[in-house]
Amino acid sequence: MKLISLNDLSEEAVSHNPEIKKKVMLRFGDLPHLTNFSQARFAPGQIASAHAHQNMCEVFFVESGSGLISIDGNSHSLLPGSCVAVEVGEVHEIVNNGTDELVLTYFGLRVEKS
């Protein structure tokens, strides 16, 4: 069993934009196939620049705020309660285009190539 509280975790930089902060609740190796389970906070105007993962998919859940996620060039609104799954190889970018902080809880799953 693992029991983690966000309140006990230190903030870290998001790799795609070090100005965006996250708290990592679970890391690679903590559970099979899981690469991370984290919460990120985007200030208004912050962007996690376009990128793709060749060995993992990601799932994003919007806790609060609003923004946009672009997946392979198609933009989709991020609103509280929204869940977005990004497949392996899909180019994705997240933008807080709102006036409030955008809070995303997300996880990655490692995909073995055959």
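Tyr 106 has a relative accessibility of 9%, so it counts as buried. Buried here means under 20% relative accessible area, exposed means over 50%, and partly exposed is in between, using a 1.4 Å probe and protein chains only. Before I go on, a note on the model: it is predicted, local features need pLDDT of at least 70, side-chain atom pairs count only at pLDDT 80 or more, and totals for chains, interfaces and linings use all residues. Residues are numbered from 1 along each chain as its sequence is written, and side-chain values use heavy atoms, with hydrogens and water left out.

Back to Tyr 106. The structure holds 1 aromatic pair. Phe 60 and Tyr 106 form it, stacked, at 5.5 Å centre to centre and with 25 degrees between the planes. For the term: rings of Phe, Tyr and Trp (its six-membered ring) pair if their centres lie within 6.5 Å, and planes under 30 degrees apart count as stacked, over 60 as edge-to-face and the rest as tilted. The pair links distant parts of the chain, with Phe 60 in strand E5 and Tyr 106 in strand E10, 46 residues apart. Strands, E, are DSSP runs of at least two residues, numbered from the N terminus. Phe 60 has a relative accessible area of 6%, so it is buried too.

Now the sheet. It is open, has 6 strands in the order E1-E2-E3-E10-E5-E8, and its pairing is antiparallel. Strand E1 (12-14) and E8 are the edge strands, each pairing on one side only. Two strands pair if DSSP finds at least two bridges between them. Between strand E2 (residues 17-27) and E3 there are 6 bridges, and Lys 22 has Ala 40 in E3 as its bridge partner. Strand E5 (residues 56-64) is joined to E8 by 4 bridges, and Val 59 stands opposite Ala 85 in E8. What are the two faces of strand E8 (residues 83-86)? Val 84 and Val 86 make the covered face, Cys 83 and Ala 85 the uncovered one.

Next, the core. In soluble globular proteins, nonpolar side chains tend to be buried together. A nonpolar core is a set of buried Ala, Val, Leu, Ile, Met, Phe, Trp, Tyr and Cys residues joined through side-chain atoms within 4.5 Å. The largest one has 16 residues, and those touching the most other members are Phe 42, Phe 60, Ile 69, Leu 78, Ile 94, Leu 102 and Leu 104. At least two residues of this core come from each of strand E3 (34-42), E5, strand E6 (67-71), E8 and strand E10 (102-110). E10 gives the most, with 3 residues. Leaving out residues up to four places away in sequence, Phe 42 touches several residues, including Ile 20, Ile 94 and Leu 104; contact means heavy atoms within 4.5 Å.

Two more residues. Cys 57 lies in strand E5. Its relative accessible area is 19%, so Cys 57 is buried. Beyond its neighbours within four places in sequence, Cys 57 is in contact with residues including Val 86, Phe 107 and Val 111.

Where is His 53? His 53 is in the loop between strand E4 (47-51) and E5. His 53 is buried because its relative accessibility is 15%. Not counting residues up to four places away in sequence, His 53 touches His 16, Glu 58, Val 88, Gly 89 and His 92.
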